[in-house]
Amino acid sequence: FTNLLSSDISPSAIAEMTEKTASSMPIAKWFVDDVLQMSVPSQSLDVVLDKGTLDAVLIRSEPFMTAARMLREIQRVLRLGGIYLLITHGRGDPDTYRLPL
């Protein structure tokens, strides 16, 4: 990747990753951001990689409304034809571990 942006809502996570990847990923840009209202311009990203963010959103109050807001925001920042890649910690049994859609 030539333009790698990485965000988290936690300033301490961003500080840790900035320090940890300074030599191995010098072109990566780490910044604090809120997935429900991102500072990234519309249609500016080719790929959004979600590693557990949707999982975290789904345990908040009003999980369905919050998840819908998050997914709309991801759609806003993705370019036409962009890819949303979700890595979840959710379990595979939909009757036991997933919220109904």
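1. Of the 101 residues in the chain, 22% count as buried, where buried denotes a relative accessible area under 20%, exposed one over 50%, and partly exposed anything in between (1.4 Å probe, protein chains only). The model is predicted: local features need pLDDT of at least 70 and side-chain atom pairs count only at pLDDT 80 or more, while totals for chains, interfaces and linings use all residues. Residues are numbered from 1 along each chain as its sequence is written, and side-chain values use heavy atoms, with hydrogens and water left out.

2. Confidence. The mean pLDDT of the chain is 90, and 88% of its residues reach 70 or more; pLDDT is the predictor's confidence in each residue, from 0 to 100. Confidence is highest in helix α1 (residues 11-20), with a mean of 97, and lowest in helix α4 (residues 94-97), with a mean of 57.

3. Secondary structure. The chain holds four helices and four strands, taken as DSSP runs numbered from the N terminus (helices H or I, at least four residues; strands E, at least two). Their order from the N terminus is β-α-β-β-α-α-β-α. Among contacts with a separation of 6 or more, 65% join residues 24 or more positions apart, a contact being heavy atoms within 4.5 Å.

4. Nonpolar core. The largest nonpolar core has twelve residues: Leu36, Met38, Val40, Leu45, Val48, Leu54, Val57, Ala67, Met70, Ile74, Val77 and Leu78. Such a core is a set of buried Ala, Val, Leu, Ile, Met, Phe, Trp, Tyr and Cys residues joined through side-chain atoms within 4.5 Å. Two or more residues of this core come from each of β3, α2 and α3, and α3 gives the largest share, four residues. In soluble globular proteins, nonpolar side chains tend to be buried together. Leaving aside neighbours within four places in sequence, Ile74 is in contact with Met38, Val48 and Tyr84.

5. Largest pocket. What is the volume of the largest pocket? The value is about 1300 Å³. The search uses a 1 Å grid over the protein atoms alone; a pocket is an open set of points where a 1.4 Å probe fits, with protein on both sides within 12 Å along at least five of seven lines, and lining residues have an atom within 4 Å of a point. Grid points are joined across faces, edges and corners, and the volume is the space filled by probe spheres set on the points. Of the 36 lining residues, Leu5, Ser6, Ser7, Val48 and Leu49 are the closest to the centre of the pocket.

6. Composition of the lining. At least two lining residues are supplied by each of β1 (5-8), α1, β2, β3 (45-51), α2 (53-57), α3 (63-77) and β4 (78-87). The greatest contribution, seven residues, is from β3. By class, the lining has 22 nonpolar, six polar and eight charged residues, with Ala, Val, Leu, Ile, Met, Phe, Trp, Tyr, Cys and Pro counted as nonpolar, Asp, Glu, Lys and Arg as charged, and the others, Gly among them, as polar.

7. Backbone points to inspect. Most residues other than glycine have a negative phi. Gln43, in the loop between β2 and β3, has a positive phi near 50°, and this residue is exposed, with a relative accessible area of 55%. Glu62, in the loop between α2 and α3, likewise has a positive phi, of about 50°; Glu62 is exposed at 59%.

8. Arg76. This residue belongs to helix α3 and is partly exposed, with a relative accessible area of 27%. Not counting residues up to four places away in sequence, Arg76 touches Met38, Val40, Pro41, Ser42 and Gln43. Between Arg76 and Leu45 the C-alpha to C-alpha distance is 9.4 Å, across 31 residues of sequence.

9. Val32 lies in strand β2 and is partly exposed, with a relative accessible area of 43%. Beyond four places in sequence, Val32 touches Asp8, Ile9, Ser10, Pro11 and Ile14. Val32 and Ala13 are 19 residues apart in sequence, with their C-alpha atoms 8.8 Å apart. Thr21 sits in the loop between α1 and β2 (29-32). Is Thr21 buried or exposed? Thr21 is buried, because its relative accessible area is 6%. Residues up to four places away aside, Thr21 touches Pro26 and Trp30.
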